[in-house]
Amino acid sequence: GERRSGTAELGLASLSARRRARGGAQMGLGLGSLFLASILVLNGLAILNEERFLKRIGWGYEENLASEPSLKKQVINLLYAVRVLLRVPLLVLNVLTILMKLLLG
């Protein structure tokens, strides 16, 4: 029994050492993960189609221009800004992220 437990401990120790040597296979919320998550959220907001989806649920930009200030209007303005103003920067960020993932893994 002692020999097996020693072998198991050695196997776990070597696995841990290999993970540390690889640069860590740690699951954590680092800046890279936060960056990727924010890009995914922005991409999700950017693809919402105003004609096919947002107007049907009453969240169209033009139909809410005259409405009073509210949280709903702020969210509608944010969606509009992401779709219009962040189109090119999001394209560049997506390309850079893909290249980074291809080169660095």
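**Overview.** Read from the N terminus, the elements of the protein run α-α-α-α-α. This is a predicted model, in which local features need pLDDT of at least 70, side-chain atom pairs count only at pLDDT 80 or more, and totals for chains, interfaces and linings use all residues. Residues are numbered from 1 along each chain as its sequence is written, and side-chain values use heavy atoms, with hydrogens and water left out. The protein has 5 helices and 0 strands. Both are DSSP runs numbered from the N terminus (helices: H or I, at least four residues; strands: E, at least two). Of the 105 residues, 12% count as buried; buried means under 20% relative accessible area, exposed over 50%, partly exposed in between (1.4 Å probe, protein chains only). Contact means heavy atoms within 4.5 Å. Among contacts with a separation of 6 or more, 50% come from residues 24 or more positions apart.

**View 1. Helix H2 packs against helix H5.** H2 spans residues 31-46 and H5 residues 87-104. Their angle is about 140 degrees, and their axes lie 11 Å apart. That makes H2 oblique to H5. Axes are lines fitted to C-alpha atoms, for helices over the stretch in contact, and angles run from 0 to 180 degrees between N-to-C directions. Under 35 degrees counts as roughly parallel, over 145 as roughly antiparallel, 65 to 115 as roughly perpendicular and the rest as oblique. From H2 come Phe35, Leu36, Ile39, Leu42, Asn43 and Ala46; they meet Leu90, Leu93, Asn94, Thr97 and Lys101 in H5. The residues of this contact divide into 7 nonpolar, 3 polar and 1 charged. Nonpolar covers Ala, Val, Leu, Ile, Met, Phe, Trp, Tyr, Cys and Pro; charged covers Asp, Glu, Lys and Arg; the others, Gly among them, are polar.

**View 2. H2 also packs against H4.** The angle is about 95 degrees, with the axes 8 Å apart. H2 is therefore roughly perpendicular to H4. Leu42, Leu45 and Ala46 of H2 make the contact with Leu79, Val82 and Arg83 of H4. By class, 5 residues are nonpolar, none polar and 1 charged.

**View 3. A search of the whole structure finds 1 aromatic pair.** The ring centres of tyrosine 61 and tyrosine 80 are 3.8 Å apart and the planes at 5 degrees, so the pair is stacked. Rings of Phe, Tyr and Trp (its six-membered ring) pair if their centres lie within 6.5 Å; planes under 30 degrees apart count as stacked, over 60 as edge-to-face and the rest as tilted. Tyrosine 61 lies in the loop between helix H3 (50-54) and helix H4 (71-85), and tyrosine 80 in helix H4, so the pair ties together parts 19 residues apart in sequence. Tyrosine 80 is partly exposed, at a relative accessible area of 31%.
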